[in-house]
Amino acid sequence: MTLIKSISGIRGTIGGAPGNALTPIDIVKFTAAYAATLPQRKPQPNGSRYKVVVGKDARLSGDMVEQLVVGTLMGCGIDVVKCGFASTPTTEMAVLFAEADGGIILTASHNPRQWNALKLLNDKGEFLTAVEGQAVLDLAASEQFSFPEVDDLGTVEEEDFTDKHLDAVLALPAVDVEAIKAAHFTVVVDAINSVGGIIMPRLLERLGVKCIELNCNPTGDFAHNPEPLPVNLVDLSRTVVREKADLGVSVDPDVDRLAFICENGEPFVEEYTLVSVADYLLDEAVKKGVKPLATVSNLSSSRALRDVTEAHGGTYYAAAVGEVNVTTKMHEVGALIGGEGNGGVIYPASHCGRDAMVGVALFLSNLAHKKLSASAYKATLPPYFIAKNRIDLSDKALIDRILDAMKEHYKNEKVNTIDGVKIDFEATRRWVHLRRSNTEPIIRIYSEAPSQEQAEALAQEVIDLAHNIINNV
């Protein structure tokens, strides 16, 4: 059993003792802390009430968690807008639609069915900053709460924002609805029996796309491991080939991550979701003379985004791992597009949150414009391969020693230390990124190169160096 507290919220497995799982006590405590810190984030005139949006994915514990969160917010004197079943990006946009002061998303994203979480939003529908999130954690730890009298309890109303979200996606100038309709695409959607099964077929229908549904009944009983990785998408690949579809679409339970399957059943590769959408938007921006052209991803994402950006005359920026870090950098540089290599597309013209609906609409617009199959288009992008490894340690103190040693050993290369240590080997187009886990005594090691063998070899070089350091302690 696990309970993970971080600046972006709280997540854990359902069932178990406080401290070792996400219990009803934890849910109430952290919701109350979020409510109590609202005035710090957005001071209100005297007498006015705060409003908070609550949305959930379809996982089995959703109803229980929702009732606790909504009841606690009301008990804190906050008016609640319940979105019911809603994707994470829908809930984020609902904060704006409802002119709310914040939001709480009930989802454990790609984690298995026994997990759930509270993800905390500000009044822009974006995740709390590190300082704001820490304030919630500190207050929850102190449990120094006060609650209003009975006459000042909050109210609750219900509204489904799915169609408003889709209206906003279809209204984006970069989404070419007519071109998509003219292409007569057939797309298979695997929605892992969660809220993607509600919104994604509806999006495709409005785009004039024939949608073949796979695991689209939002029961919360996930049909397979919910992380959209190739090993979990075998049925989707087979269905795409069998149905002679143009594309397969896989989303995680809360629909902020997106992966594609090509028409031949091969993975488009999750790292290239963002790269492909950025390529399309950069193409369109260059045609219209839009400047500046800036893109952002985290340090562990593919170099292909940088290559594509620079090929269009733009500038690429790297951010620390974590969606809030990416969006912060995007605001800072005025990015056209950004996101993460896990299939997270963040398009500020829509909103600053990962959104699979935006990603699908832009990707299909791209295919329609280029008149290429998914596999043929993938072949036009810079080819890179990523290896993901880890070093398990018994002593967390060793982590800093290893990271410091890496900086020294590779000091003649391009080294970035904003989040762990990333070493760029510019001449050979390789990189390796080492960063500490927030929850375990491990170092995550991501490496990328023009071939899988080179990526694995670079990772092994770093792992061997780390083991030498450990053995000499």
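Biologist: What kind of model is it?

Modeller: The model is predicted.

Biologist: What is the chain built from, and what makes the chain as compact as a globular protein of its length?

Modeller: The chain has 16 helices and 20 strands. Along the principal axes, the C-alpha trace spans about 65 × 65 × 45 Å.

Biologist: Which share of the contacts joins residues at least 24 apart?

Modeller: The share is 67%, among contacts between residues at least 6 apart in sequence.

Biologist: Why is α4 called roughly perpendicular to α6?

Modeller: Helix α4 (residues 88-97) and helix α6 (residues 162-170) pack at an angle of about 90°. Roughly perpendicular covers 65 to 115 degrees. The angle falls in that range, so α4 is roughly perpendicular to α6. Their axes are 9 Å apart.

Biologist: Which residues meet there, and of what kinds are they?

Modeller: From α4 come Pro89, Thr90, Met93 and Phe97. From α6 come Thr162, Lys164, His165 and Ala168. The contact divides into four nonpolar residues, three polar and one charged.

Biologist: Why is Ile104 called buried?

Modeller: Buried means under 20% relative accessible area. Ile104 has 0%, so Ile104 is buried. Ile104 lies in strand β5 (residues 102-106).

Biologist: What does Ile104 touch, beyond residues up to four places away in sequence?

Modeller: Among its contacts are Thr31, Tyr34, Val52, Val53, Val54, Leu73, Thr91 and Leu118. Asn472 is 368 residues from Ile104 in sequence and 47 Å away in space, C-alpha to C-alpha.

Biologist: What makes helix α11 mostly covered?

Modeller: Helix α11 (residues 304-311) has eight residues, and six are buried. Those are Ala304, Leu305, Arg306, Asp307, Val308 and Thr309.

Biologist: What do the buried residues of α11 pack against, and what is the phi of Gly313?

Modeller: They pack against α10 (271-288), β12 (294-298), β13 (315-319) and β17 (414-416). Gly313 follows α11, and its phi is positive, near 85°.

Conventions: Residues numbered from 1 in each chain as written. Predicted model: local features only at pLDDT ≥ 70, side-chain atom pairs only at ≥ 80, totals over all residues. Heavy atoms only, no water. Axes fitted to C-alpha atoms, helices over the stretch in contact; angles between N-to-C directions. Helix = DSSP H or I, 4+ residues; strand = E, 2+ residues; numbered from the N terminus. Parallel < 35°, antiparallel > 145°, perpendicular 65-115°, else oblique. Contact = heavy atoms within 4.5 Å. Nonpolar A, V, L, I, M, F, W, Y, C, P; charged D, E, K, R; others polar. Buried < 20%, exposed > 50% of the residue type's maximum accessible area, 1.4 Å probe, protein only.
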